[in-house]
Amino acid sequence: MKRACVIGAGFGGLALAIRLQSSGIETTVVEARDKPGGRAYVWEREGFTFDAGPTVITDPACLRELWQLSGRDMAEDVELMPVMPFYRLNWPDGVNFDYSNDDAALNKEIARLSPEDLAGYAEFLEYATAVYEEGYLRLGSVPFLDFTAMLRAAPAMLKHQAWRSVYSMVSSYIKNEKLREAFSFHTLLVGGNPMTTSSIYALIHKLEKDGGVWWARGGTNKLIAAMVKHFERLGGVLRLHDPVLHVHTLGDRATEVETCSGWRERFDAVASNADIMHTYRDLLAGTARGPQMARKLATKRFSPSLFVVHFGVEGTWPGIPHHTILFGPRYKGLLEDIFDHGVLPQDFSIYLHHPTVTDPSLAPPGKSTFYALIPVANQGKLPIDWDTVGPMIEKRVLDEVGRRLIPDIHDRIVTKFHYAPRDFALDLNAYQGSAFSLEPILTQSAWFRGHNRDDKIKNMYLVGAGTHPGAGIPGVVGSAKATARLMVEDLR
């Protein structure tokens, strides 16, 4: 029986491990942290459950497929609950926009803001559908191992004007500025700037429209737990709290994986779900390939980081939806500050997550769980002392949530803590504290992204946000499908 090791138990790593184990490959997952999940970590404090994220589950079919490979049903292990509306968008002037896949309700919301944009939205949906079919259904789980694969995809990319940004493409159909923001902000959920991310990412709108937006009962951590349960049911082995130190090689082959505890085992293939820079710079430090790739990666653009305030409060808030985007007074200027200038702006846009409105089990009776997230520049652009600055930003974020939604928020808080770029770097070995790995611009997509199989070390593979197709649950699960196909073929 062939043996494979997957380094990292994030969504991508676990999805890959399930596929390998389902194919009859004896698979071991090695995770540095005390719990599986990677970025989907979880904390429990004073009766509140705080998911680290991600919190938006789209395309549940790509997850169900992981169970169907062995004739099982995902519903045996985890319950997905629909979220409606998907998001409530709120601007400083008090205007709200409820975003969903209910056609009648969405058209009513558009008409309320700008009736003349209804026809333009219909045309934008046609565009989003076309790029979804090409970029997600056809190419989302296909590895780009050589430049000829990129050339084969080029005609479709030219046809869909992939060189344009999502915001630019939305703006060509829609004239109202609030609606332009409403239909372009999604790239931020995968670490991309709407002003520079390829218009191909407009596919997210169609992805959500067809698949819906979901929540795992008990939290995203329960979806991770279900994946682990299924993987172990298939016979897979999960090794926790034991960081990998080295991937040993001989010639052009990975041979052994060695961890901090001294555990060292031989495998026929190795896949890394770890941060892409950490994989090459640290885990493959003893090879010629590792430092060479690390130098190349250091010239690339990495996505921003995040500053997240987790808080539990007294009271329940049925009027605050599961997901709220509190836009700030600026859109383009704020994005430039975060992505280009590397400054800490005075204003910010907040993504507010309120899971207890869907699933009260995440807080004690009569209380609510929240997190408020703002994108911030990564540490490469913004090298500040977060131990000093963090408490000040935390207060400003909570002040803004209080001003717009929960007036006595500071009096109601039972417990709170924040998570900053430095934490992404320390806990996840994330290069520059980036929350989404490489920035998803056109020149860092598909073949220009980390390859699902290394070009030089023939049995070394990548899975997760740093490889094709990119970040987000559907993205990393798609990368697992692409990488698994390669590994199964190679090991046979």
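This is a predicted model: local features need pLDDT of at least 70, side-chain atom pairs count only at pLDDT 80 or more; totals for chains, interfaces and linings use all residues.
Analyst: Buried here means under 20% relative accessible area.

User: Okay, what makes helix α10 largely enclosed by the rest of the structure?

Analyst: Six of the eight residues of α10 (residues 276-283) are buried, so the helix is largely enclosed. The buried ones are Ile276, Met277, His278, Thr279, Tyr280 and Leu283. Their cover includes β1, β11, β14, α11 and β20.

User: And why is Asn452 called buried?

Analyst: Its relative accessible area is 1%, and the cut-off is under 20%, so Asn452 counts as buried. Asn452 sits in the loop between α15 and β20, and its contacts beyond four places in sequence include Pro143, Phe144, Tyr461, His468 and Leu486.

User: How do you know that the side chains of Asn452 and Thr483 make a polar contact?

Analyst: They come to 3.0 Å, and a polar contact needs N or O atoms within 3.5 Å, so the pair qualifies.

User: What makes β8 and β19 edge strands?

Analyst: The open sheet runs β8-β7-β16-β17-β18-β15-β19, with mixed pairing. β8 and β19 each have a single partner strand, so one side of each has no neighbour in the sheet.

User: How do you know that β17 and β18 pair?

Analyst: Pairing takes at least two bridges, and β17 and β18 have three, so they pair, in the antiparallel sense. One of the bridges joins Leu352 to Ala372 in β18. Helix α13 packs on this sheet, touching strands including β17 and β18.

Definitions and conventions. Residues are numbered from 1 along each chain as its sequence is written. Side-chain values use heavy atoms; hydrogens and water are left out. Helices (H or I, at least four residues) and strands (E, at least two) are DSSP runs, numbered from the N terminus. Buried means under 20% relative accessible area, exposed over 50%, partly exposed in between (1.4 Å probe, protein chains only). A polar contact is a pair of N or O atoms within 3.5 Å; within protein, one must be able to donate a hydrogen and the other to accept it, and residues adjacent in sequence count only if both atoms are side-chain atoms. Contact means heavy atoms within 4.5 Å. Axes are lines fitted to C-alpha atoms, for helices over the stretch in contact, and angles run from 0 to 180 degrees between N-to-C directions.
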